[in-house]
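Please read the following note with the sequence and the model open beside it. The numbered points take up one topic each.

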Amino acid sequence: MKTITNGFLILFLFSTCLFAQQRPPAISSPDVNADNSVTFRYFSKKAQKVTLSGEFLKAPVSMTKDTSGIWSVTIPNITPDIYPYSFYVDSVQIADPNNTFIFANERFKRSIVDVQGKTPLVHSLQNVPHGKIHYQYYNSKTLGRTRDLLVYTPPNFDASGKTKYPVLYLIHGGSDTQETWTKVGRANLIADNLIAQGKATPMIIVMPYGNVRPSPMPDFTKEVINDIIPFIEANYPVKTDSKNRAVAGFSVGGGQTLNIGFTNTDKFGYICSYAPYTATEEFKKNFTDWNPDANLINKQVKLFTISVGTDDFLYESVKQNIAMFQEKKIKVEPLIVSGGHTWMNCKLFLANSLQKIFK
């Protein structure tokens with residue numbers, strides 16, 4: 001019996017030592033420092049090369065490995081904002097395994113770093129009343145399946161109260177998900193802060209999932225009109241006239257915004273398109289040889305904006321779209337800023353829209 005007990009003890013100690021050898025060390029990444037520098041770390045004894053890629057960098061930078069197998073690099077003087085980043089481990093892109101804040105995306109494997117700085121930004125978590133994010137399921141008759149979406153309700157929202165709210169339908173970019181507007185775009189915090197400052201009207205924000213594949217992508221327009229709007233109006237205290245309904249979106253969602261809005265100008269009083277991707281069959285069908293009643297549309301649509309950054313890879317096509325709408329005598333407010341096709345710009349575009357709609 002004593003021999004068996006000793007055998008188990010030896011096996012336990014051996015297993016414990018083996019586990020300790022295999023278990024990676026506890027490391028912190030990313031560490032945002034007081035001077036706005038950020039230290040990134042990754043553990044691998046076997047990797048030959050690890051580089052850091054992020055939208056705060058002009059080009060990827062190499063990380064340095066110490067004797068314990070921890071790769072690290074510190075990036076100085078990062079302008080305060082929220083940024084996506086990733087590691088390339090021997091050319092394979094991965095998210096930071098030590099960071100729980102993951103970029104919600106179906107294609108890219110990235111994490112998020114929040115460099116806050118000393119002055120709160122429009123998307124920062126501030127000491128103001130906060131709204132809530134609701135995860136909802138709805139029946140999509142258009143697609144023949146159950147789908148889900150996110151709904152932001154403003155501070156002091158009472159579902160059984162007498163107050164009815166305007167609604168913004170907010171669409172994510174291509175390969176993003178219905179969570180990207182909150183996890184990366186911080187739409188809920190932007191709304192909280194602007195409402196608290198009296199700069200935005202308390203509203204409900206609906207964030208659907210714009211990817212309807214394997215169904216044809218144009219079916220999303222049908223789904224918004226035939227399924228999503230009726231679901232919201234049946235389950236939330238909302239105003240149902242066009243002057244209290246807006247649609248906005250980024251990239252592919254920006255193109256979807258144009259398709260949805262301009263084929264339903266009687267339903268949307270505000271159309272806000274952010275760096276729209278319009279190289280789609282649906283856009284060509286809707287806007288090739290388009291002969292709109294400009295006077296009617298300009299009466300129906302209280303605000304139409306198109307926003308883009310000068311370094312955006314879609315900048316030239318967006319300028320062409322702006323010129324097309326102007327040629328058709330459609331009133332459009334362009335917002336041209338510096339920067340590229342990024343969620344940093346997207347937050348600025350949304351903040352601009354929230355201060356103008358439902359006024």
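Which residues of strand 15 lie on one side and which on the other, and are they buried or exposed?

1. Basis of the note. This is a predicted model, in which local features need pLDDT of at least 70 and side-chain atom pairs count only at pLDDT 80 or more, while totals for chains, interfaces and linings use all residues. Residues are numbered from 1 along each chain as its sequence is written, and side-chain values use heavy atoms, with hydrogens and water left out.

2. Strand 15. To answer the opening question, Y270, C272 and Y274 lie on one side of strand 15, I271 and S273 lie on the other, and all are buried. Buried means under 20% relative accessible area, with exposed being over 50% and partly exposed in between (1.4 Å probe, protein chains only). In a regular strand the side chains alternate between the two faces of the sheet. Strand 15 covers residues 270–274, and five of its five residues are buried. Helices (H or I, at least four residues) and strands (E, at least two) are DSSP runs, numbered from the N terminus.

3. The partner of strand 15. Strand 14 (residues 245–250) pairs with strand 15 in the parallel sense, over five bridges. Two strands pair if DSSP finds at least two bridges between them. G249 has S273 in strand 15 as its bridge partner.

4. C272 counts as buried at 2% relative accessibility, and C346 is buried with a relative accessible area of 0%.

5. The unreviewed UniProt entry places "domain: Glycoside hydrolase family 13 N-terminal" at residues 34–90. UniProt positions are given in the numbering used here, feature names are shortened, and annotations may be inferred rather than shown by experiment. The span 34–90 is 0% helix and 53% strand, and its end C-alpha atoms lie 31 Å apart.

6. Four strands, in the order 1-2-6-5, form an open sheet with antiparallel pairing. Its edge strands, each pairing on one side only, are strand 1 (31–32) and strand 5 (64–65). Strand 5 and strand 6 (residues 70–75) run antiparallel and are joined by two bridges. K65 stands opposite W71 in strand 6.

7. The largest pocket. A pocket is an open set of points on a 1 Å grid over the protein atoms alone where a 1.4 Å probe fits, with protein on both sides within 12 Å along at least five of seven lines; lining residues have an atom within 4 Å of a point. The largest pocket holds about 820 Å³ of space. Its lining has 45 residues, with R107, G173, G174, S175 and S251 nearest the centre. Strand 3 (50–54), strand 7 (81–89), helix 5 (252–262) and helix 6 (281–287) are the elements that give two or more residues to this lining.

8. The second largest pocket. Its volume is about 390 Å³, a volume being the space filled by probe spheres set on the points, with grid points joined across faces, edges and corners. Among its 19 lining residues, F101, D114, Q116, L125 and R186 are the closest to the centre. Strand 9 gives the most to this lining, with three residues.
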